[in-house]
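Subject: Structure handover and findings

Hello,

Here is the structure for you to open. My notes on what turned up follow below it.

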Protein chains: 2
Amino acid sequence: MGITRRDFLMRVGQAGGYSAAFATMQSLGLMPMKATAAEPIAAAERAGKGIKLVVMGGGVAGLTTAYEAKKLGYDVTLLEARHRPGGRAWSARNGDVVEFVDGTKQPITWSEGLYQNMGPARLPSVHGTMLGYCRELKVPLEVEVNTSRSTLLQNDKVNGGKAICQRKAINDTRGQLSELLSKAIAGGALDQELTSEDRQRMTDVLKVYGPLDKGGKYVGSDRADIKRYPGAGPQTMIVDDHPLTLPELLDANFWSAELYEEAWDWQATMFQPINGMQQISIAFAKALGPVVVYDAPVTEIAKTAKGVRVTYGSGKTIEADYAVCAMPLTILKKIKADLDPAHRGAVDRGGASYRGSCKVPWESRRFWETDYNIYGGLSFLAQGPSPIWYPSASMFSERGIIVSGYMDEAMGGFDQMTIEQKFEASRASIEKLHPGHGKELEKPIFCGWKHIKWNEGSWIGQTPQADYDILTQPDGPIFFAGDHTSHVVGWQEGAALSGRRAVQMICDRVKDTSARA
Amino acid sequence: MGITRRDFLMRVGQAGGYSAAFATMQSLGLMPMKATAAEPIAAAERAGKGIKLVVMGGGVAGLTTAYEAKKLGYDVTLLEARHRPGGRAWSARNGDVVEFVDGTKQPITWSEGLYQNMGPARLPSVHGTMLGYCRELKVPLEVEVNTSRSTLLQNDKVNGGKAICQRKAINDTRGQLSELLSKAIAGGALDQELTSEDRQRMTDVLKVYGPLDKGGKYVGSDRADIKRYPGAGPQTMIVDDHPLTLPELLDANFWSAELYEEAWDWQATMFQPINGMQQISIAFAKALGPVVVYDAPVTEIAKTAKGVRVTYGSGKTIEADYAVCAMPLTILKKIKADLDPAHRGAVDRGGASYRGSCKVPWESRRFWETDYNIYGGLSFLAQGPSPIWYPSASMFSERGIIVSGYMDEAMGGFDQMTIEQKFEASRASIEKLHPGHGKELEKPIFCGWKHIKWNEGSWIGQTPQADYDILTQPDGPIFFAGDHTSHVVGWQEGAALSGRRAVQMICDRVKDTSARA
């Protein structure tokens, strides 16, 4: 036991993050957060006029950097290794190919209209920077259903391995804990903690909160499990009166899965762009127009007397006053780059730490909707590939993409399996939750970011605080951006904020340089 | 204290329901519910051939009755008093008029594209009958966000009357209760209840569940309240470490509002038809074509030797073998109808019991989205019109319809106010939650169903069980449908199930009659 939030986040694939320097800002106290849109970049209008900037990497960090710099009048070029923008923010669909560094190619042949966000797939409403860009770039959003009470939890060790509904686990947990607390209060255990009046209030409240019966017992609840729904005429509701017992709940160990909806950046309401997360990157690229140069992998970064010279593609070069490295450190560390020893070390160690988050999407008939009333959300298994991620896109249509396994491939020996074995393990997870439906799955893809060309990792792992402090400062004319230079690792929000910060730092430098000139 | 679920449901306007006869069906045990689509109607193909049926009332019950009967070959006529289908399932918009029985008229002048579902506004995913009809009639749905952690709770008695975020109330509650339970276990209060091993497991689990610190104390959580979000560079997250205390939570009395998302028919995932709930009724009406006769209020229902004769409009009559009364009992009780004394009594008492649920929608700039990160969901106030219902339709657009007050007008003296006073009370609720924004509200409407022509009530109130038993059986050739003949009062699901049940009963009668003939 003793799952910390970090452990849980790692389990579901959202690991990373630094503990870092401390700074203060407004305290919001008990009041709700106001809009979290990024602060405007503090720079004069056209502050970048006549200044050449080269941005390396066309993921969200690089796109944001270029977009904000262009707004300020910088002469920007963005070099992107691929023939598409977005980096990990990739919405893969029919005709696309998952290409590994070892040459493995998985062509996608899903039905027309279906897609999977292979990288980021959620926009929390507290990620105001990204929501702000969606507004600004007019990217239409729809609700991403992150939690649904109809999703499932499964552990081979309990209930004979049969899945249990989220609504039952969550509400039976609350009920059993409330009964325990009610008993403790009745037994006088909390007489020192609570006034007599508060003990009475708590006892009453627990009857609602549990809910508990008049005797303070939890006997099940329509919140948790209904044997028969109410209907017309004589058909009354029948509530299941066999709640999970506390020992069963302890054995099941579903706690972190019961609580994921409370993680601050996983709380409702969440969004996704209609037709895929990549729509945001596509909108950035469209706004940037010819600024973006595709099929332009960087091969060398050199400092010059007046700034930087970047070599890319088949030996082309570009000279600029400043550069922003917005590519993953896994890629940057392999490029010949004129970095000072401190930055070189931080890049190398960071690049070596990257995680191997992966997703295993399948095409299928939407049996989870028609046969299980599951519309979006996640189901968790204690053993094997997990979680199962049900699509929020095109609900009620015939077919959809379901992810069976979204985790770090280093977990549970997944990285030791062949791709075919991975698919069978992934199918087995579905079969455990949805018996008889494993066979409906087809056209699987293993999108293991550790192996993906131009990424070679999902996001940065644990690295020394000192390295973070180095990478978040420029090396001469070379600045760094990417979710790895933020405390919002693995999220587009971190990438976008890091890009904005890079532009702010460059503007400050430019101002400083002009003042001195 | 001691809020029962019924009390809470009444508070938010979902009162009603009978306790009724008991019947058994399959037990689903711990497994998730399978699809809850209605059972097919058991009748031979074209079972209704040559049989004339008149349906009175074009709300969801009447439309479902006519639709299913038509499928079975019945010769159906549906008489609807209004010039539109849907009854309470009304999506009001620019050009519509809210018309009271006392002659009061409120013309709606909202901006183009905006609407408010004045009656039902949510489709829970467990309401398989309605979802099934949406599939069958190809009514496009979108997610209805019923709960969002960004919504607010407010009580004049706590926090100086300032609103508190749902995420804080919910997570501080869990934290404080976990701390109490952890202390009780540590003090030995539950030694009789739990084995030593389970006490240890519980202690560990509560650290995750609360979450609690190593000492078993709840000191706040990023689930509850964040003073500063994490960002790029040095910007780390700062968690607020001043959770609400237990006495504060007890004073605040937010329990039912913290738990509404767990009500079995309010749990995520929920839906709404794109462009208004009425789209379902419109689709039914379209499928029925000339079966539906509008502007045809019924004035008399008479039994005849071969069935029924219904008089409607300006004295037109229609003869039929069977009739289904699918109008509200408030309306039926005023019509001259050839009912036996038992049915007459049940209709009269039922009609007199109707509730007066109302909504007060306003047009406004979407300040709740831009300034509060609130996208859908409900905010609750302890005093004054409540809840506030934020729209799930057209999020991220400029303007929207916000409901400030969805409750029974009998509560809190709302029915004693003039319409202008109601509007000021409604505006004051918004001002309490969103200071400074009350003035952004415009074009209010008071949709009090008690006063609406052709409804005169929102749904049936408490009536004797015996009356329910009478009304759910026919009076000779006259059958009854409507959510009031179901245990799903106030929901379209109940109306649809009741309509299907009426058709089933008629088919059974027809079969029985033919067998005897």
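Lys303(B) stands opposite Val308(B) in strand E16 of chain B. The two strands concerned, E15 (residues 298–303) and E16 (residues 308–312) of chain B, pair in the antiparallel sense over five bridges. Two strands count as paired if DSSP finds at least two bridges between them. Helices (H or I, at least four residues) and strands (E, at least two) are DSSP runs, numbered from the N terminus. E15(B) and E16(B) form a hairpin, with four residues between them. E15(B) also pairs with strand E19 (residues 336–337) of chain B, here in the parallel sense and over two bridges. In that pairing, Glu300(B) stands opposite Lys336(B).

Please keep in mind that this is a predicted model: local features need pLDDT of at least 70, side-chain atom pairs count only at pLDDT 80 or more, and totals for chains, interfaces and linings use all residues. Residues are numbered from 1 along each chain as its sequence is written, while chains are lettered from A and ligands numbered from 1 in the order in which they are written.

**The two chains**

Chain B can be laid on chain A with an RMSD of 0.0 Å, by a turn of 180° and a shift of 0.0 Å along the axis. That is the relation of a two-fold axis. The superposition is by least squares on the C-alpha atoms of residues with pLDDT of at least 70 in both copies.

At the interface, 96 residues of chain B are in contact with 97 residues of chain A. Contact means that the C-beta atoms of two residues, placed from the backbone, lie within 7 Å. On the side of chain B that touches chain A, the largest share, eight residues, comes from H4(B). Other elements giving two or more residues to that side include helix H5 (196–209) and helix H14 (492–516) of chain B. The residues on that side divide into 50 nonpolar, 26 polar and 20 charged. Here Ala, Val, Leu, Ile, Met, Phe, Trp, Tyr, Cys and Pro count as nonpolar, Asp, Glu, Lys and Arg as charged, and the others, Gly among them, as polar. 100% of the interface residues of chain B are also interface residues in chain A, so the copies meet through the same surface.

**Strand E21 of chain B**

Five of the five residues of E21(B) (residues 377–381) are buried, so the strand is largely enclosed by the rest of the structure. Buried means that 20 or more other C-beta atoms lie within 10 Å of the residue's own; exposed means 12 or fewer, and partly exposed is in between, with C-beta atoms placed from the backbone. Both faces are covered: Gly377(B), Ser379(B) and Leu381(B) on one side, Leu378(B) and Phe380(B) on the other.

E21(B) pairs with strand E9 (residues 152–154) of chain B in the parallel sense over two bridges. There, Gln154(B) has Leu381(B) as its bridge partner. Three bridges join E21(B) to strand E22 (residues 388–390) of chain B, and these run antiparallel. Leu378(B) stands opposite Trp389(B). The hairpin of E21(B) and E22(B) has six residues between the strands, and Gly384(B) takes a positive phi near 85°.

**The sheet in chain A**

Seven strands of chain A form an open sheet in the order E10-E9-E21-E22-E23-E20-E24, with mixed pairing. E10 (164–165) and E24 (447–448) stand at the edges, each with a single partner strand, so one side of each is left without a neighbour in the sheet. Two bridges join E20 (residues 357–365) to E24(A), which run antiparallel. Cys447(A) is the bridge partner of Lys359(A).

**Helix H2 of chain A**

H2(A) (residues 60–71) has twelve residues and reaches 16 Å from its first C-alpha to its last, close to the 16 Å expected at 1.5 Å a residue. The expected span is 1.5 Å times one less than the number of residues. Eleven of the twelve residues are buried, so H2(A) is largely enclosed by the rest of the structure. Its buried residues pack against elements including strand E1 (52–56) and helix H8 (278–288) of chain A. Gly73(A), with a positive phi near 90°, follows H2(A).

**One residue to look at**

Ile430(A) is found in helix H12 (residues 419–433) of chain A. It counts as buried, with 26 C-beta neighbours inside 10 Å. Not counting residues up to four places away in sequence, Ile430(A) touches Ile388(A), Ser404(A), His437(A), Gly438(A) and Leu441(A).

Best wishes
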